[in-house]
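Biologist: Hello! I am new to reading protein models, and I would like to learn step by step. Could you take me through one?

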Amino acid sequence: MDEISVLAWRSRIASGEAVPEDVARYYLEAIAARDPEIHAFLLVREEVREEARNLKVEDRDALPFFGIPVAVKDNFLTRGVRTTAGSRMLETYVPPVDATAWEHLAHGGALLLGKTNLDEFAMGVSTETSAFGPTRNPWDPARRSGGSSGGSAAAVAAGLSPLALGSDTGGSVRQPAAYTGIVGFKPTYGLISRYGLIPMAASLDTVGVFSRTVVDAAYAFVHIAGSDPKDPTSFGKLPPTFADRLAELRRLAYPARAERLRALLSRGVSGTKVALVREFFGGGVSPEVRGVVEAAARRMEELGARVEYVSVPELELAGAVYAVVMSAEAASHLGRFDGVRFGLRVPAENVDALYVRTRNRGFGWEAKRRILFGTYVTLSESFVDLYERALRARRFLASRLETIFADYDFLLGPTTPTTAPTLGAAGDQGPVVELTQDLLTIPANLAGLPAVSVPAGRGSDGMPVGLQIVGPRYSDLDVLAFAFAWEEARPPEARPPFGGKAAAPSPWEGGNGR
Amino acid sequence: MHTGHEVPVWHLSFAQRTLLGFGFLAVRGERMCYDSSVPHTRFFGNACDAALLREGVAEVPLSPETWEKLQYLARLELTPEEKVRMERELGELLAYVSSLRQLPLDGVSPMILPVEVEPVLRADVPEVFPSREELLRNAPEVQDGAFVVPNVLEE
């Protein structure tokens, strides 16, 4: 059992072994000690001490996240707490509302520990496009923690927060989770409200969670899922069995919810049909990453899963579809930053010059490139040839994946082609090279599928390797159950922490402020 | 002043020119550039170097007119140095996404959202925003509860 998981803290709080104030103090101290080096946080809230003190003990059992501190990616609006999206454009922006996903956690008794670093507007693979400097990997500070949700991933991996929210548009939760050796879960599109998530590409953006264990990820997912009148894409009609199961879990309070969830996830893998997608093991994937993931597949086979190789050659084109669709949507969403209603304004004599100067200064390079490329693909001259073609190709790929799910329960593969690359390389890379970092995670976003990255082992450099499990729409709890089975079955050498410089979870020594 | 390396004008539509341009980029791996001082003229391969030296103009798959339009629509203006790099990166992206032309997409409808969403609209009931003050506090300039911008009307 992970000593600093959400459910470990929750159990100590329930037994009276710890009070919320102890938990808040533990994390504030961990952040003070470690974050100056890692830079996972853009803002840390000392106020959590007082908020922890003010929680009412009579709410202890009713609130699933009573006294649990949570780190939130800085593209989720948090009322009264500065939200920058990693951009100069929003350097002093203080939102007047809360994002729905965070609001659910807050209503469940969670405390906002801080806001985490990200690539500007979540556009990047390393947090290196953040206007406020990159986040370092807790395992090796010379390396990336990945991105765009690199701050959230590093915070959980280094033991600076038990849980974090992130957003995943092309892999921005799963990729950093793989690089930092933790669990990163991206649910089915539409299951979690995107209200208050500053959009990058609305048809691809999904709220996701980072945690140290699969059960924690499931515990958080169940709590924040659900339709929201403020997000029309969260109104999808759920398959009745899945809807009933979600509703059942959500009715339960702690500890019944945690127990029921653990029972649901403990169903094993016997009889499960798993497809290893050849294209996910292609040329760009390093031999050691391939080796670790194939070993994991063999282990699941021993436990009763049926594992076969399949080929979907068209998946090679997922990056191209993504580049067009994502840029077109991003260009449109970023149109709101005009220096009029919120954010940066660079004064000018007329309103046109005001727009241009504000955007020139407020946006970084990556954002400008996506805006210009997105504008290009939607020009009337190129719309049919580029944008509409990409939308057709998106359906084509989604139906190819659907065909595979007629015969298999899950797709299995590496989350990333390599272990975490070193920092500082981003400036020399072209946009296409960057796309390859997300190539294995993009298909799930295009098709709206649930997918999780779970630590699978480590490369010869000692860095974590992530195993990605992808399921059909609304198989979220099944995907998590398979990940849970792997987590339970993986050999000791495949279990984090793998060593390196990550803070080992220290045994709990506090309690009631003694 | 100009040498025989120059490729004369083709008066093609924009879409034709782009297609042709990417074709050269992808198929022949040949570099191509425009020179803003010589409208409607493109240079290929080594001729680009001459053009670049002459005027510091980049290799581009996009015409100067398209650039102007893009910058106007995006409300962005790049410096000449930024433009050189941006043109190269956009060219890479365009070559990369040209692979989509391989797919047999006849009869495949565009997929805009990854899930079929029932068109459920919330009730048309006015609500009071939780905090108008907090909303306006983020505006760069406010007067009497309204956003202030420079004059948009002709004098």
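Modeller: Gladly! Let us begin with a term: a salt bridge is a side-chain nitrogen of Lys or Arg within 4 Å of a carboxyl oxygen of Asp or Glu. In chain A, Arg306(A) and Glu308(A) join their side chains in such a bridge, with 3.2 Å from N to O. Before we go on, some ground rules. This is a predicted model, where local features need pLDDT of at least 70 and side-chain atom pairs count only at pLDDT 80 or more, while totals for chains, interfaces and linings use all residues. Residues are numbered from 1 along each chain as its sequence is written, chains are lettered from A and ligands numbered from 1 in the order in which they are written, and side-chain values use heavy atoms, leaving out hydrogens and water.

Biologist: Is Arg306(A) buried or exposed, or something in between?

Modeller: We go by relative accessible area: buried means under 20%, exposed over 50%, and partly exposed in between (1.4 Å probe, protein chains only). Arg306(A) is partly exposed because its relative accessibility is 45%. Glu308(A), at 30%, also counts as partly exposed.

Biologist: How many salt bridges does the structure hold over all chains?

Modeller: Side chains of opposite charge can pair when their charged atoms come close. Over all chains, the structure holds 33 salt bridges. One of them pairs Glu46(A) with Arg49(A) at 3.6 Å, N to O. Glu46(A) is partly exposed at 47%, and Arg49(A) is partly exposed at 30%.

Biologist: Which residue forms a salt bridge with Arg369(A)?

Modeller: An α-helix has 3.6 residues a turn, so residues three or four places apart point the same way. Here, Arg369(A) bridges to Glu366(A), with the closest N and O atoms 2.9 Å apart. Both sit in helix α13 of chain A, 3 residues apart, about one turn of the helix. Helices (H or I, at least four residues) and strands (E, at least two) are DSSP runs, numbered from the N terminus. Arg369(A) and Glu366(A) are both buried. They also belong to a salt-bridge network with Arg370(A), Arg85(B) and Glu89(B).

Biologist: How do I read the interface of chain A and chain B?

Modeller: The size of an interface is often given as the accessible area lost when the parts come together. Buried area is that loss (1.4 Å probe) for two parts, summed over both. Between chain A and chain B about 6200 Å² is buried, and carbon and sulfur atoms give 69% of that. Trp365(A), Leu372(A) and Tyr376(A) supply 13% of the area that chain A buries against chain B, more than any other three residues. Counting contacts (heavy atoms within 4.5 Å), 72 residues of chain A touch 61 residues of chain B.

Biologist: How many salt bridges are found across the interface of chain A and chain B?

Modeller: The rule finds 6 salt bridges there. Among them, Lys69(B) pairs with Glu381(A), the closest N and O atoms being 2.9 Å apart. α14(A) gives the largest share of the side of chain A that touches chain B, namely 12 residues.
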